[in-house]
Amino acid sequence: MKIYFSFVLDGNRDTARFIVETLQSFGHEVLTKHLVEQDALKKENMLSRFWRYSRNIKLLKECDCIVAEISQPSFGVGYEIGYALSKLDKRVYMFYDKKLEGEVSIMATGNSEPNAMKFQYANKEELRQLLAENFRTVEVRA
């Protein structure tokens with residue numbers, strides 16, 4: 001599967017890297033894996049915002065689904081989720097840390113669309129389990 005991973009670029013890179021590595025260990029291609037690299041923010045800031053926007057929309061269109069880490073509020077992540085759900089009819093899997101639930105956007109947690117799935121995790125082991133339950137046997141939707 002081709003997965004678009006969305007997260008706060010200047011947020012918790014450790015959790016983001018963990019999610020990307022876990023998805024890759026299940027055999028999936030993470031189209032945005034370059035964003036979890038240590039110097040990703042510096043590299044991204046060297047590119048024009050128009051080029052980055054076009055690239056991200058292209059990748060959103062190419063992917064089979066979106067995985068988003070939404071523990072920290074982000075206009076960009078919210079935009080990508082909304083675009084994927086409303087314009088592309090993609091499945092969106094949103095994961096967030098239980099300890100930060102009060103900070104997570106109600107536009108994400110309150111979303112009841114069938115393609116918007118939300119999952120809380122307490123630690124990396126629980127996050128790994130949730131990813132395994134949802135991505136070890138996920139098939140591309142026609």
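Which helix gives the most to the lining of the largest pocket? In this predicted model, that element is helix 3, which contributes seven residues.

**View 1. The largest pocket and the residues of its lining.** The volume of the largest pocket is about 430 Å³. Its lining comprises 22 residues, and those nearest the centre of the pocket are Tyr-4, Arg-52, Asn-56, Gly-76 and Glu-80. Sorted by class, the lining holds twelve nonpolar, five polar and five charged residues.

**View 2. Elements that supply the lining of the largest pocket.** At least two lining residues come from each of strand 1 (2–6), helix 3 (49–62) and helix 4 (75–86). Helix 3 gives the most, with seven residues.

**View 3. The crossing of helix 3 and helix 4.** The axes of these two helices come within 11 Å and cross at roughly 40°. Helix 3 is therefore oblique to helix 4, since angles from 65 to 115 degrees count as roughly perpendicular and those under 35 degrees as roughly parallel. The crossing of helix 3 and helix 4 is right-handed. On the side of helix 3, the contact is made by Tyr-53, Asn-56, Ile-57, Leu-60 and Lys-61; on the side of helix 4, by Tyr-79, Glu-80, Tyr-83 and Ala-84. These contact residues divide into six nonpolar, one polar and two charged. Asn-56 and Glu-80, both part of this contact, are also among the residues nearest the centre of the largest pocket.

**View 4. The packing of helix 1 and helix 6.** Helix 1 (residues 13–25) packs with helix 6 (residues 124–135) at an angle of about 35°, and their axes are 10 Å apart. The crossing of helix 1 and helix 6 is right-handed. Helix 1 provides Asp-14, Thr-15, Phe-18, Ile-19, Thr-22 and Leu-23, which meet Lys-124, Leu-127, Arg-128, Leu-131 and Phe-135 of helix 6. By class, the contact of helix 1 with helix 6 contains six nonpolar, two polar and three charged residues.

Technical notes
Residues are numbered from 1 along each chain as its sequence is written. This is a predicted model: local features need pLDDT of at least 70, side-chain atom pairs count only at pLDDT 80 or more; totals for chains, interfaces and linings use all residues. Side-chain values use heavy atoms; hydrogens and water are left out. On a 1 Å grid over the protein atoms alone, a cavity is a set of points where a 1.4 Å probe fits but cannot get out, and a pocket is an open set with protein on both sides within 12 Å along at least five of seven lines; lining residues have an atom within 4 Å of a point. Grid points are joined across faces, edges and corners, and a volume is the space filled by probe spheres set on the points. Helices (H or I, at least four residues) and strands (E, at least two) are DSSP runs, numbered from the N terminus. Ala, Val, Leu, Ile, Met, Phe, Trp, Tyr, Cys and Pro count as nonpolar, Asp, Glu, Lys and Arg as charged, and the others, Gly among them, as polar. Axes are lines fitted to C-alpha atoms, for helices over the stretch in contact, and angles run from 0 to 180 degrees between N-to-C directions. Angles under 35 degrees count as roughly parallel, over 145 as roughly antiparallel, 65 to 115 as roughly perpendicular and the rest as oblique. A crossing is left-handed if the near helix is turned anticlockwise from the far one by less than a right angle, and right-handed if clockwise. Contact means heavy atoms within 4.5 Å.
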